[in-house]
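Student: I've just opened this one and could use a guided tour. Can we go through it step by step?

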Amino acid sequence: MGPFMGQSKGYKILTVGLVFLVWILYFKMSWPDSTVPRPPAPRPASQSASESTESPSLLDSLPQELANLTHLLYWPLTPGDEGDFLASTSPQASTYHLRGPAQTSYALRGSLEAILIARDHRGRPKTHGGDLFRAQLLGPDLKAGLPGDVQDLENGTYLLSFPLLWAGKAQVQVRLIHSSEAVGVLRRIWTEKRATVDFVGYFRGPTGSEETAICNVDPQSTGTRGPTCRYRDVDSGELWFCAQPSTLPCSSLVGHSSGRYLKVTTPQDEALLAWKVTDKVLPQGISPIQVRMSAPGNSSLALSPRPPCHPGLPATKPSGFYYQEVWHSLSCSSRSFPTVDSILGCLAGHVVHMMGDSTLRQWWEYLRDKVPSLKPMDLHATYQTGPLMAVETTRNIVLHWRAHSWPLRSLRTPVASLHSVARELGGLAGGPHTVVVLGLGAHFTTFPPSIFARRLAGIRAAVAALLAREPRTLVVIKLANTGYKSVYGSDWFTLQVNRLLRAAFADLHVAFVDAWEMTSSLAVPDNIHPGRLIVHNEVDLLLSFVCPT
């Protein structure tokens, strides 16, 4: 028995020792070790990432048309020397005339066509295309207007086409927004410059000390040759860069604001983009016309039967027209919501999420101001970036707006408030009472088109996922509107942005509000923030999708 008891005692000692060793190893592995480098913890808006490559799946999720930017953004090239101002298109020397003989009157539902001949400042006809002209058919007495179609024949002439959609007086107006030479400058800067603006990042240490640094969409645009901080959005995979502060860590980034507009033009560029040759009305080439009704007593508008407004409708050209200051969609039977009760009745029980820029914030402000019982909540946020919220408790209405994330020109705002659109969409359950409105574009004209294409890749994937998990969710895309006329933001840029928006969501079950045409159809000055008349009609079209009947 003695040897056996000794052996048993030895086993007990060995067993206790092994248990003790396992216990030590467990705590060694699970307890944080300050000597082992660890990645920074996720922050609300973004987190640092060590890898240097972007997720290819985001670009792979785009429609093929959006992946091929060269094809999608085609615009005729401008041959010759862009620096020869006198060889550029002149708004005073360019002319247009009727394609056929003038008529005493024109039939409602017919069309009007004209030929435009571009000429340079020496009066010589141009031999190539590429000018950005905007044509309108206006009915000032009827408060009517529609955008004309401008077909570039790429030989210095342009075909203008106008459907005749109201009975009464109408007149053609044509504007030269940018000469082809000015467009050449814009295209060169848009594709060759990494950025035409920069931003400021605010870093704060544990003791309250602060530093600022230049931030941008890529490290080369931060203005430093030293190390940079990189932030990767965990939802979209997009990257943001700041010059590394001299004393504070990258993880101490707490604030964001606009920076500078960078000098990117030469004196020759500036002459081509000067106000005296930008957005100018051409001399009147066609006398006002009279459009007659097909028969006495018939409608004075040429509106064919249209389906109720719903997502997935094919685009029409034009998308609509104004008559008596009311926008009539040609793709669906848009409705008017002139009273507070009509708006409340439509929005009752809905939660509306608006995400985008300040032109979309105007929709939130219009509803807030129009409906007295829609009360804004003080969320103690920077108003310019949001989030903003208004509620109507008796009808169970919630209205949200927040700005999209970087790049965003704004006053100083907390980084934690800059949620990406993809992140916000990923947090929505969706359903028949959820309305999502997206409005992006104006803040992306200061970067190459690939930057906006990558942003759209992430948003499109998030929209597709939202509609897959809850198809009854209404998603509305607001196209970018007219307004800017400079190298930092131009109607030519906006046209390209809208091409990208259309292509990104073309195969998804979404609705579009064509703010470009709604802001370019009346004889009112362009403004990046349109007046109340236009915003009212934009919101009415949105509500037509929410309440189609």
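## Charges, rings and helices

Student: Which ring does arginine 412 lie over, and how far is it from the ring centre?
Tutor: Keep in mind that this is a predicted model. To count as sitting over a ring, CZ of Arg has to be within 6 Å of the ring centre. Arginine 412 lies over the face of tyrosine 202, and its distance from the ring centre is 4.1 Å.

Student: And which ring does arginine 361 lie over?
Tutor: Arginine 361 belongs to the buried residues of helix H8. At 5.4 Å from the ring centre, arginine 361 lies over the face of tryptophan 401.

Student: How many residues of H8 are buried?
Tutor: H8 runs over residues 358-370, and its 18 Å reach from first C-alpha to last is close to the 18 Å expected. The buried residues include Trp363, Trp364 and Tyr366. H8 is mostly covered, and of its 13 residues the buried ones number ten.

Student: Which residues do ring pairs link into a cluster?
Tutor: Rings pair if their centres lie within 6.5 Å. By that rule there are 13 aromatic pairs. Ring pairs join up a cluster made of Phe199, Tyr231, Trp240, Trp406 and Phe447.

Student: How are H10 and H11 oriented to each other, roughly parallel or roughly antiparallel?
Tutor: The axes of H10 (residues 449-469) and H11 (residues 491-505) come within 10 Å and cross at roughly 30°. That crossing is right-handed. Angles under 35 degrees count as roughly parallel, so the two helices, H10 and H11, are roughly parallel.

Definitions and conventions. Residues are numbered from 1 along each chain as its sequence is written. This is a predicted model: local features need pLDDT of at least 70, side-chain atom pairs count only at pLDDT 80 or more; totals for chains, interfaces and linings use all residues. Side-chain values use heavy atoms; hydrogens and water are left out. Helices (H or I, at least four residues) and strands (E, at least two) are DSSP runs, numbered from the N terminus. The expected span of a helix is 1.5 Å times one less than its number of residues. Buried means under 20% relative accessible area, exposed over 50%, partly exposed in between (1.4 Å probe, protein chains only). Rings of Phe, Tyr and Trp (its six-membered ring) pair if their centres lie within 6.5 Å; planes under 30 degrees apart count as stacked, over 60 as edge-to-face and the rest as tilted. A charge sits over a ring if NZ of Lys or CZ of Arg is within 6 Å of the ring centre and within 35 degrees of the ring normal. Axes are lines fitted to C-alpha atoms, for helices over the stretch in contact, and angles run from 0 to 180 degrees between N-to-C directions. Angles under 35 degrees count as roughly parallel, over 145 as roughly antiparallel, 65 to 115 as roughly perpendicular and the rest as oblique. A crossing is left-handed if the near helix is turned anticlockwise from the far one by less than a right angle, and right-handed if clockwise.
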